[in-house]
Amino acid sequence: QLQLVESGGGLVQPGGSLRLSCAVSGFTLDYYTIGWFRQAPGKEREGVSCISSSGGSTNYADSVKGRFTISRDNAKNTVYLQMNSLKPEDTAIYYCAAAFKPGILWVACQRGYGMDYWGKGTLVTVSS
């Protein structure tokens, strides 16, 4: 059974850090582009970051550039999103998704185009 499971969300104060994990099972991560997305209450889904299957190409939304870092460990079948300097506007449910492609142009990836599998999300709340 193909599955993506996000973890690492929680409540954090502004300026704090969290590391999200996206663990995949049922398929080998090596051949998949992975994206992180988020959706805040009352807002549309936003593409946060994407990483190619090799990890050689990464892209970020302008709103998180310089604060978030995406990485992957194919041997552990896990993709990470390190989030630093968190702001209240980062509060959202964070999802990971997988596309059976070596890479996807950012303009498409950030919209979720081409994603084959989605996780159920993990909630991140940034508040004092």
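**View 1. Cys-50 counts as buried, with a relative accessibility of 4%.** The model shown here and in the views that follow is predicted. A disulfide joins Cys-50 to Cys-109, with an S to S distance of 1.9 Å. The torsion about this S-S bond is about -95°, so the disulfide of Cys-50 and Cys-109 is left-handed. Since Cys-50 belongs to strand β5 (residues 46-51) and Cys-109 to helix α1 (residues 106-109), the pair ties together parts that are 59 residues apart in sequence.

**View 2. Cys-22 is joined to Cys-96 by a disulfide.** The S to S distance in this link is 2.1 Å. The link of Cys-22 and Cys-96 is right-handed, with 75° about the S-S bond. Distant parts of the chain are connected in this way: Cys-22 lies in strand β3 and Cys-96 in strand β9 (residues 92-99), 74 residues apart. Cys-22 counts as buried at 0% relative accessibility, and Cys-96 counts as buried at 0% as well. The structure holds 2 disulfides. With bonded cysteines counted along the chain, the disulfides follow the pattern 1-3, 2-4.

**View 3. Four strands form an open sheet in the order β1-β3-β8-β7.** The pairing within this sheet is antiparallel. Strands β1 (3-7) and β7 (68-73) stand at the edges, and each has a single partner strand, so one side of each is left without a neighbour in the sheet. On average, neighbouring strands of the sheet are turned by 15° against each other, direction ignored.

**View 4. Strands β7 and β8 run antiparallel and are joined by 6 bridges.** Strand β8 comprises residues 78-83. Across this pairing, Asp-73 stands opposite Thr-78 in β8.

**View 5. Ala-23 is located in strand β3, which spans residues 18-25.** With a relative accessible area of 35%, Ala-23 is partly exposed. When its neighbours within four places in sequence are left aside, Ala-23 is in contact with Gln-3, Leu-4, Val-5, Asn-77 and Thr-78. One of these contacts, Thr-78, is the residue of β8 that stands opposite Asp-73. Thr-58 gives a further reference point: Ala-23 and Thr-58 are separated by 35 residues in sequence and by 18 Å in space, C-alpha to C-alpha.

Terms used: Residues are numbered from 1 along each chain as its sequence is written. This is a predicted model: local features need pLDDT of at least 70, side-chain atom pairs count only at pLDDT 80 or more; totals for chains, interfaces and linings use all residues. Side-chain values use heavy atoms; hydrogens and water are left out. Two strands pair if DSSP finds at least two bridges between them. Helices (H or I, at least four residues) and strands (E, at least two) are DSSP runs, numbered from the N terminus. Axes are lines fitted to C-alpha atoms, for helices over the stretch in contact, and angles run from 0 to 180 degrees between N-to-C directions. Buried means under 20% relative accessible area, exposed over 50%, partly exposed in between (1.4 Å probe, protein chains only). Contact means heavy atoms within 4.5 Å. A disulfide is a pair of cysteine sulfur atoms within 2.5 Å.
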